[in-house]
Amino acid sequence: MSNKGKITPEDRARILLPLLLPKSHGQRKDEAESILGQSDWLKAVGDVHLESAFFASLNEWGLLDKLRPEIKSKLESAYNENSVRLMIIQDLFAEVIKTISPLKNPALLLKGIGYSYELYSDPAARYVGDIDIMLGPDDTWPAIDKLTEKGYLRLKPPPKRGGLINMLVWAVGLGVPYQRMLLKMKGPQEEKETVFEAKAGGLKLLIEVHHGLINLRPGSGKEKVFHAEADTSFSTRPLTLDGIEVQVLDYEDAFIHALRHLALHHRFIGLRWHQDLALMLIKWGDKLDPDSLYAKFEKTNSTKILRVELSILEELFGSSLFKDLDPEKWFKGDLPFEYPFYRRVAFGGKRTPMRELVRTLLAPSWKEMIRTLF
């Protein structure tokens, strides 16, 4: 809740979050139902692209009649727009795969579209931002050349910058001018992805060709602290998406990637990704072994990330999220002393200078915390 004791639209939206889970795990509270009749939470969920998710979930819960007509209309409109958006993205994805074929190895589809079909009972419930694929070493650069020849606009990556300097510059409101200055002075630095912009169906969409699973900006020191080289040790499984054969990360590796991406790339900000992880625990719970997961997170210096996110998920979605899981196996050890800080960043949902400290505090020792700053 707000520090001043006043309930904000974001607070009300968080109270409604358990309704985004399947009826078997969600919590239908009188408090939530009373909030549905209000209107100020609508903008809060729209700002984080959850309107279509709420429409689909409230329909499943049989709660659409609790909404004001104008709110129901806006949610339904957002859901319909997202349905069209998903079809456009599917068509673009098919075009991308056709453009870069033949491939020596099937493309690895990350996040977005795959999650919408595997985790959500209604794929149109999940807003998909862009297309993320990862290709084998022999396929990556030929594919980039083909996408360039196709006419997709290749975007320049932002310049490399140190974590501490970046935090201070953003704190005084000079973040964007600082980035532009570095880009002019030093030019773009190599990243772990190559990004293209495509125009399809009246939309501007990004096609991200990943060279690694987590983009931690090479040279920042963070990729050493959090062992980004562990990207090379993951397993995959096949998935047919609208007739296209691709690979996706196996269940445990998909969970690890989603969680590390949320914590290290987005600093715990993004209710969409929190919802993805919640649904993974519900739908893939029998495929996720907590002992195995903790061991894998330990290898990447990310154990703290797992423990923190499990507690954030419980606060966001309620304890019933874990009703089919063994809490003693999942909630291992005490929360770190800085947990209230992670919670405040995640619940605030804003890209504030304070969020730049998240990755530093996630490092497992003081020595490695210092390495993340420069």
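Predicted model: local features only at pLDDT ≥ 70, side-chain atom pairs only at ≥ 80, totals over all residues.
Let us begin with Glu 368, which lies in helix H18, the helix spanning residues 366-371.

Glu 368 is buried, yet it has no salt bridge. The nearest side chain of opposite charge belongs to Arg 371, 4.5 Å away.

What does the side chain of Glu 368 join through a polar contact? The partner is the side chain of Asn 301, at 3.1 Å.

I turn now to Arg 359, found in helix H17, which covers residues 357-362. Arg 359 is likewise buried without a salt bridge. Here the nearest side chain of opposite charge is that of Glu 356, 4.5 Å away. Not counting residues up to four places away in sequence, Arg 359 touches Leu 216, Lys 222, Phe 226, Ala 263, Leu 264, His 265, Arg 267 and Thr 372.

Finally, the chain as a whole. The protein chain contains 18 helices and 7 strands. It has 374 residues, of which 54% count as buried. Taking contacts between residues at least 6 apart in sequence, 72% join residues at least 24 apart. The protein chain exposes about 17,400 Å², and carbon and sulfur atoms supply 54% of that area.

Definitions and conventions
Residues numbered from 1 in each chain as written. Heavy atoms only, no water. Helix = DSSP H or I, 4+ residues; strand = E, 2+ residues; numbered from the N terminus. Buried < 20%, exposed > 50% of the residue type's maximum accessible area, 1.4 Å probe, protein only. Lys, Arg positive; Asp, Glu negative; His and termini not counted. Salt bridge = Lys/Arg side-chain N within 4 Å of Asp/Glu carboxyl O. Polar contact = N/O pair within 3.5 Å; in protein donor to acceptor, adjacent residues only side chain to side chain. Contact = heavy atoms within 4.5 Å. Areas by Shrake-Rupley, 256 points an atom, 1.4 Å probe, with all protein chains shown as cover.
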